[in-house]
Amino acid sequence: MTAQAKIHDLNGASREGASIVTGHTVGMEFPGPVTALHEATFGIKKGEFISLIGPSGCGKSTLLRIVAGLLKPTSGRVNVLGSPMVGPRPEIGMMFQKATLLDWKSVLDNVLLPNTLAGSVTKADRERAVDLLHLVGLRGFEVAFPRQLSGGMQQRVALARLLNSGAELLLLDEPFGALDEFTRERLNLELMRIQSQIGATIMFVTHNIQEAVFLADRVFVMTPRPGRIAAEVEVALPRPRTIEQMKSREFTDTAFNIRDTLGGFI
Amino acid sequence: MTEPSISDVPMEKPKGMPSWVQHLIVFAVFIAIWEASVQFQWVSALILPSPFDVVVAWWDLAIVRKLIWDDFFVTLTEVLIGFGFGAAFGTVIAVFSAMQPTFRRLVSPYMVALQVTPRIAVAPIIVAWLGFGMEPKIAIAAIICFFPIFINTLTGLMQVDEDRMEMFASLRASRWQVFRHLQLPGAMPVIMAGYKTGISLALIGAIVGEFVSASVGIGVLIQRFSFQLLLPQAFACLIMLTVMGLTLYGAASLVDRHVVFWKHDALLAKISRRLRTRYADLLSRDRSVQAVKEPV
């Protein structure tokens, strides 16, 4: 059995099983009061790729930060890997629209930041970081500095750093939103390839319907005032995904379905 | 807050003859006009000494009679020690203020008071307290250079990018780690700009102190020669101060360049080369296939 098939098999099996992320009536109110998120209830299975889509103000970034443990919800509760969220955890990693690299550290040292913060950097850590840089397509740029890289390459470094943190649940907040269309498309394809190789679970925030559908197993469609999950849409396209699939009937139908749900909000 | 300096003004790349030749020509023209204005008595030689007189006076003071070197080094010592104290206090208080909101709130009115008071006005008081030696000049230099160093360090430490902060939070970084790996290096460009402003201000402080009361120092010499209307000698001393100022600023810029190395492409390329040698083994390894177990 090839590794590819094994991962799919594993995902298939786990999809029948319990969710690794669950939210029960999760709500977030900011002083004002503004209801940023209203009674979100959801479950995410191991290895699933979830897109969160919606217009600005729909609470998608708030939901992501609650799952990350960076925000405490004002109501409801979130469980990750069987235990309730009380703060950031090593099994959960986050990536942002900005690469958030440290300009004074080499690409390699940026990837090693999780190790540095954990207290020590061993030779094995360095080897792993170099491997991860190869995985994200940055062979030859290990000792470059962020300032010398393009925006797309900086996000690749951020992705390698995220993978090096050892997180199983990856929370991506519009990670390629600031990049041009072509770079974004390539990075999306590579993100899916990498996910299939390491079997991570991903929550991916975007406001691009095509991107949401192309990447996800399921799309959480969110609407604002108050922010809530209005619908969960399955994407039945087979994996590995290809650009050609975007021309398929299935793809267009799903995208329009989401568009209709968002309807009055965009 | 970074105070702009002439070295920050964008300069076009020279066309035609090399840059230094152009500078030399401009300098020669400037000196020639100066010399001519004295020679043809457009300006009285009593008011403006000719460049030639200034050079002669400098030669006499510095080389023949070796009169100004003791004063030069006294002033330089005052500036360096004064800057050291100003930088140490400014930095430490700024770090405390950045880390402790309560401390920052309590201290800020005094900082505003210090900012709006003309700081050289304390010079006579400091002299009254500390007497006529080097101590009051050091104290005045320290007080004058303290403020830009404090304010730059504080603003630098406070202006942390929110996204990077969240990234550190998601990696469960401690407060000390955030300071050590994010805030401090991120603030370094602004902090160094404060030091560069501070070193020039420390020189002003030392000279003001010498004007108020002193028996040695370049400031004393300028005052003494001016009173005696020995203007070539006064100008010669002024040039010594320009040289001192340039040297100090140049040294600060050099340190700045190496501390904030990541803003300079040439330095980055050099460091990359060094790292490539150090990690030669690591970088030549090819285990990605094993790590991935998948055709890409």
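This is a predicted model: local features need pLDDT of at least 70, side-chain atom pairs count only at pLDDT 80 or more; totals for chains, interfaces and linings use all residues.
So, which residues does A:Met94 touch, if we don't count those up to four places away in sequence?

Okay, the answer. A:Met94 touches A:Ala68 and A:Leu171 in chain A, and it also touches B:Met167 and B:Ser170 in chain B. It sits in strand β6 of chain A, which covers residues 92–95. Is A:Met94 buried or exposed? It's buried, because 29 other C-beta atoms lie within 10 Å of its own, and the cut-off for calling a residue buried is 20 or more.

Chain A puts in 32 residues and chain B puts in 27. On the chain A side, four elements each supply at least two residues: α1 (3–16), our β6, α4 (113–118) and α5 (123–135). Which element gives the largest share of that side? That's α5(A), with six residues. By class, the side of chain A that touches chain B splits into 16 nonpolar, nine polar and seven charged residues.

Now, the domains of chain A. Domain 1 comes in two pieces, 3–91 and 169–265, and domain 2 is 95–166. Their C-alpha centres are 24 Å apart. Where they meet, 15 residues of domain 1 of chain A are in contact with eleven residues of domain 2 of chain A. On the domain 1 side, β7 (169–173) and α7 (181–198) of chain A each bring at least two residues, and α7(A) has the largest share, with five. That side has ten nonpolar residues, two polar and three charged.

Chain B is divided up as well: domain 1 is 15–48 and domain 2 is 53–272. Here the centres, again over C-alpha atoms, are separated by 32 Å.

While we're in chain B, have a look at two of its helices, α8 (residues 175–212) and α10 (residues 231–259). How do they pack? Their axes are 10 Å apart, and the angle is about 170 degrees. Anything over 145 counts as roughly antiparallel, so that's what α8(B) and α10(B) are to each other. If you want to find the contact on screen, look for B:Met188, B:Met192 and B:Tyr195, among others, on α8(B), and for residues including B:Leu248, B:Tyr249 and B:Ala252 on α10(B). The residues of this contact are ten nonpolar, three polar and two charged.

Last topic, the cores. The largest nonpolar core has 86 residues, and the ones with the most contacts inside it are A:Leu52, A:Val67 and A:Leu171. As for A:Leu52, leaving aside neighbours within four places in sequence, its contacts include A:Leu63, A:Leu64, A:Phe204, A:Phe220 and A:Met222. There's also a second, separate core of 35 residues, and B:Ala87, B:Ala123, B:Met134 and B:Ile138 are among its members.

That's my tour. Over to you.

Conventions
Residues are numbered from 1 along each chain as its sequence is written. Chains are lettered from A and ligands numbered from 1 in the order in which they are written. A residue is buried if 20 or more other C-beta atoms lie within 10 Å of its own, exposed if 12 or fewer, and partly exposed in between; C-beta atoms are placed from the backbone. Two residues are in contact if their C-beta atoms, placed from the backbone, lie within 7 Å. Domain bounds come from an automatic or database domain assignment. A nonpolar core is a set of buried Ala, Val, Leu, Ile, Met, Phe, Trp, Tyr and Cys residues joined through C-beta atoms within 7 Å. Ala, Val, Leu, Ile, Met, Phe, Trp, Tyr, Cys and Pro count as nonpolar, Asp, Glu, Lys and Arg as charged, and the others, Gly among them, as polar. Axes are lines fitted to C-alpha atoms, for helices over the stretch in contact, and angles run from 0 to 180 degrees between N-to-C directions. Angles under 35 degrees count as roughly parallel, over 145 as roughly antiparallel, 65 to 115 as roughly perpendicular and the rest as oblique.
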